[in-house]
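Please read the following briefing alongside the sequence and the structure shown here.

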Amino acid sequence: MVFLLPLFWVIILLGIMILIHEVGHFGAALAVGVKVETFSIGFGPRLLGFRRGDTDFRISAIPFGGYVRMLGEQAGDEKAADPRAFQSKARWQRAIVILAGPAMNVVLAVAIVAGLYMYAFPKEAPDPVITSVAAGSPAAESGFEPGDKIVEIGGKTDPNWQDVMGIESLNANHPLPVIVDRRGTKLNLTVTPRMDAKQGIGVAGWGGEQDVQIRDVVQGSPAEAAGLRPGDLLLSVNGQTILSPLALHQAIIHSGGHPVALTLMRNNQVQTVTVTPAPSGDAKAPWRVGISFRFKTEIVRLPFPQAVVESMRFNAENATMIFRVLGSIVERRVSPKALAGPIGIAQMSSEAAAEGPLPFLLLMSVVSLNLAIFNLLPIPILDGDTLLLLIVEMLLQREVSVQVKETILKLGFAFLMMVVLFVIYNDISRIVTKG
């Protein structure tokens, strides 16, 4: 039963993206006068559906995928001469039909993120201040300290934590120049992220971006007596990292009134104070220290035009990251283990759904963009290969032979099966390693 929930969510995730993708092909085909014989969500035997006009709309037995079958779609098809056949249309019209599927996935990614930004947009990203350095890590060996603010990494100036983590992950086993601000002094350091055996990406061993920051300190409270101030960034309580205000709240409740040690950062300097909780008079939360919290990132709602602009910027950065990951794999800065397959996507879908609709929608936008880009790669059997062949034929002013196309198709199918088996192996390896 454990696998049913991830299976359900990945079917929802991929089902929506595949539906949008095939709607793109379907709409473009009708627009240029191509007869669509089948519109299928899934592969294999037909389970149910209905016929409208010339098209059989169906749901098929194998849910991972979908297709639009057009009249005279393949070269050499006996129906290719029909005026409504795909092969009878001008090459530029066929190109539009091919491009429409990936284009709709890009539109979906932009639309989802724009909608999210109209609801909640992070106005300011937190400064990349290092709040922890793991003992024995590359960051520790390179001399990084808690309180260091990263002002440049790998040539990227004024990065946020997303930039830092992205550059770090794509440079395993390669020296990475970093400039930090340490109490007003600029230092030039170099760190070589280690290859994470499980994830296949670079890891430096530093941490940051905690959101547990004091907004107010109640007068006469234990927190004021201990010297806590608004703006203090709380890092740990009794040696345990504070990941959320709730974690500190629970630690105070379970203290039984005994003193707790709080490690905090103030003015980029780490220090520890001892706070003795006082009775609160509340049976559910019997102890208090007298502080409230604020988030370092301000959340606002964007108007529609601005949300679309920010969404396009976000998706452009994601698209660039995809090619950077592929390039880093070729350069051996990232292991192919970093590639996730259907099992990995199912796990991410289930975890995102458990966190709420916003994380799930954000994951859907990222995967949709990945699907669009992957489909446009010049790999046989994908949209990108068909598009490339059309471009070649436009340049040659003649058709590529049926034998060549069939050979490319067979090789492409074999290659894709190898990729699928490889990413599934990666997914299983991560699960076994985790276990």
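**Salt bridges and their surroundings**

Glutamate 145 counts as partly exposed because its relative accessibility is 33%. This value, like every other one in this briefing, comes from a predicted model. The side chain of glutamate 145 meets that of arginine 182 in a salt bridge, with a nitrogen-to-oxygen distance of 3.5 Å. The pair links distant parts of the chain, for glutamate 145 sits in the loop between helix H3 (138-141) and strand E5 (149-153), while arginine 182 belongs to strand E7 (residues 176-182), 37 residues apart.

- Arginine 182 has a relative accessibility of 15% and therefore counts as buried, whereas glutamate 145, at 33%, is partly exposed.
- The structure as a whole holds eleven salt bridges, and the pair of glutamate 145 and arginine 182 is one of the salt bridges described here.
- Arginine 58 forms a salt bridge with aspartate 56, in which the closest N and O atoms are 2.8 Å apart, and both arginine 58 and aspartate 56 are buried.
- Aspartate 216 and arginine 215 also meet through their side chains in a salt bridge, at 3.3 Å from N to O; aspartate 216 is partly exposed with a relative accessible area of 42%, and arginine 215 is likewise partly exposed, with 43%.
- Salt bridges that share partners join Arg46, Asp56 and Arg58 into one network.

**Serine 40 in strand E1**

- Serine 40 is located in strand E1, which covers residues 36-52, and because its relative accessibility is 0%, serine 40 counts as buried.
- The side chain of serine 40 makes a polar contact, at 2.9 Å, with the side chain of serine 60.
- When residues up to four places away in sequence are not counted, serine 40 touches Arg58, Ser60, Gly66 and Tyr67; among them, Arg58 is the residue that forms a salt bridge with aspartate 56.

**Aromatic pairs**

- The structure contains seven aromatic pairs.
- In one of these pairs, the ring centres of phenylalanine 43 and tyrosine 67 are 5.7 Å apart and the ring planes lie at 15 degrees, so the pair is stacked.
- Phenylalanine 43 lies in strand E1 and tyrosine 67 in strand E2, so this pair ties together parts of the chain that are 24 residues apart in sequence.
- Phenylalanine 43 is partly exposed, with a relative accessible area of 34%, whereas tyrosine 67, at 17% relative accessibility, counts as buried.
- Phenylalanine 50 and phenylalanine 57 form an aromatic pair that is also stacked, with 5.2 Å from centre to centre and 20 degrees between the planes.
- Within that pair, phenylalanine 50 is partly exposed, with a relative accessible area of 44%, while phenylalanine 57 counts as buried at 18% relative accessibility.
- Ring pairs also link Phe26, Phe39, Phe50 and Phe57 into a cluster.

**The largest nonpolar core**

- The largest nonpolar core has 17 residues, and of these Met70 and Val97 touch the most other members.
- Helix H1 (4-31), E1, strand E2 (55-70), H2 and helix H10 (383-396) each supply at least two residues of this core, and the largest share, four residues, comes from H2.
- Valine 97 touches His25, Ala28, Ala29, Val32, Met70 and Phe86, with residues up to four places away in sequence not counted; one of these, Met70, is named together with Val97 as touching the most other members of the core.

**Leucine 99 in helix H2**

- Leucine 99 lies in helix H2, which spans residues 91-119, and at 38% relative accessibility leucine 99 counts as partly exposed.
- The C-alpha atoms of leucine 99 and glycine 384 are separated by 8.4 Å, although the two residues are 285 residues apart along the chain.
- Leucine 99 touches Leu376 and Leu387, again without counting residues up to four places away in sequence.

Notes: Residues numbered from 1 in each chain as written. Predicted model: local features only at pLDDT ≥ 70, side-chain atom pairs only at ≥ 80, totals over all residues. Heavy atoms only, no water. Buried < 20%, exposed > 50% of the residue type's maximum accessible area, 1.4 Å probe, protein only. Polar contact = N/O pair within 3.5 Å; in protein donor to acceptor, adjacent residues only side chain to side chain. Contact = heavy atoms within 4.5 Å. Salt bridge = Lys/Arg side-chain N within 4 Å of Asp/Glu carboxyl O. Core = buried A, V, L, I, M, F, W, Y, C linked by side-chain atoms within 4.5 Å. Phe/Tyr/Trp six-rings, centres within 6.5 Å; stacked < 30°, edge-to-face > 60°.
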